[in-house]
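Colleague: I am new to this structure and would like to learn how to read its features one by one. Could you show it to me and then take me through them?

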Amino acid sequence: MTCCRIHTYSAMIVALMTQKRPTSFDIAALAGVSQPTVSRALSGSASVSEETRRRVLDAAEQLNYKVDKNASGLRRQQSKTLALLFFEESPGAALLNPFYLSLVGPMVRRCAELGYDLLISIQQLSSDWHVEYEDSRKADGIILLGYGDYLEYRPRLEQLVASGAHFVRWGAPGEGALGTTVSSDNEQGGFDATTHLLQQGRRRIAFIGTAGAGYPEVHERWRGYCRALRAAGLEADEALRVDAAPDEGEGRAAAEQLLGRGVDFDSVFAASDVAAVGAMHALQHAGRSVPETAVVGFDDIAAASLASPSLTTITQDPRKAGEALVDTLIESIEAGSATSRVLPVRLTVRESSLSR
């Protein structure tokens, strides 16, 4: 076969192949090598000679083959993808905490700035998500949000630590906490919220939120609440404390429970805005106006300023929080370890707590 005919024949093969999306098998046929050799060449394996690698790359270029980002990252064992995992305890559970949702936009933008993709997934706590993300290499690292009871969740974190997985979670650092964390200064927020109510002349301040060991963030807010009371010469009254998840229905039920106990209270500090809004509805339904009974929340979700009356709250910065989660995880991936971060909070005063 003459040289001219060989080039013509090659051109015909290229023309036929490029009519559909090319595969590694097409590259193998054009380069005259096996498909495994193509995979090794594209992944940068040292087992492939430079001459063979050049033939494979030339064939890929002729076919306009786009190298898969996962394949091109195998040499350094990176996919340049982060996984953001939300959790629900059961199908059809209440909506995710709006504060967590407010972190997504900043995280996506930060990933784009740093050359990473963000894979977002909602998981059930009962699933083996930890095994899937350890073994599949879908992502270089994991961001964990909204995992409920920390004590029940801890065995999964222990498995991640044992496997050497890179992960960061939104949650209180605490003594003996597993993995790297990013959190707001929860204790200071609880202190500031309670101090504000004390400065408004309130003395019987109820606390709504699950402050047990399984919920360290809320427990820190409870500690700030207690510290502010002690600074004012008061002690926390267990009759004024009701457990409630960050959910409007639970906040409503908690306020109804307080009312049903017949205890005297002149204000409420709820450990989340959604619970605070539910508590306000219950108080108003029972004929107690707000802020005659003052209410303060925690998070500063969008609904806080739209509530009636508008809700005084502890503001967490979703942009800084989202960026810190991404930055901390990438630091762990690229440097091998990362330092936990605690972000400042601030009190935002609105109508729900002002004395009249």
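Colleague: What should I keep in mind about numbering and about a predicted model?

Modeller: Residues are numbered from 1 along each chain as its sequence is written, and side-chain values use heavy atoms, with hydrogens and water left out. Because this is a predicted model, local features need pLDDT of at least 70 and side-chain atom pairs count only at pLDDT 80 or more, whereas totals for chains, interfaces and linings use all residues.

Colleague: What is the average pLDDT of the protein, and where is pLDDT below 50?

Modeller: pLDDT is the predictor's confidence in each residue, from 0 to 100. The protein averages 84, and 81% of the residues score at least 70. Over residues 69–76 the pLDDT is below 50, and this stretch has 12 contacts in the model (heavy atoms within 4.5 Å) beyond near neighbours in sequence. Residues 89–93 also stay under 50, and for them the model has four contacts beyond four places in sequence.

Colleague: How many helices and strands does the protein have, and what percentage of its residues count as buried?

Modeller: Helices (H or I, at least four residues) and strands (E, at least two) are DSSP runs, numbered from the N terminus. The protein has 14 helices and 12 strands. Buried means under 20% relative accessible area, exposed over 50%, and partly exposed in between, with a 1.4 Å probe and protein chains only; of the 356 residues, 46% count as buried.

Colleague: Which residues of H4 are buried, and which exposed residues does the face turned away from its buried side carry?

Modeller: Helix H4 covers residues 50–62, and its 13 residues reach 18 Å from the first C-alpha to the last, close to the 18 Å expected at 1.5 Å a residue, where the expected span is 1.5 Å times one less than the number of residues. Its buried residues are Thr52, Arg53, Val56, Ala59 and Ala60. They lie on the same side of H4 because they cover an arc of only 130° around the axis, the arc being that of the directions from the helix axis to the C-beta atoms. The face turned away from that buried side carries the exposed residues Glu50 and Glu61, and just after H4, Asn64 takes a positive phi of about 55°.

Colleague: How many salt bridges does a search of the whole structure find, and which residue does Glu50 pair with?

Modeller: A salt bridge is a side-chain nitrogen of Lys or Arg within 4 Å of a carboxyl oxygen of Asp or Glu, and the search finds 13 of them. Glu50 pairs with Arg53, the closest N and O atoms being 3.4 Å apart; both lie in H4, three residues apart, about one turn of the helix. Glu50 counts as exposed at 59% relative accessibility, whereas Arg53 is buried at 14%.

Colleague: Which salt bridge links distant parts of the chain?

Modeller: Glu187 forms a salt bridge with Arg227, with the closest N and O atoms 3.2 Å apart. This pair links distant parts of the chain, Glu187 lying in helix H9 (residues 186–199) and Arg227 in helix H10 (residues 216–231), 40 residues apart.
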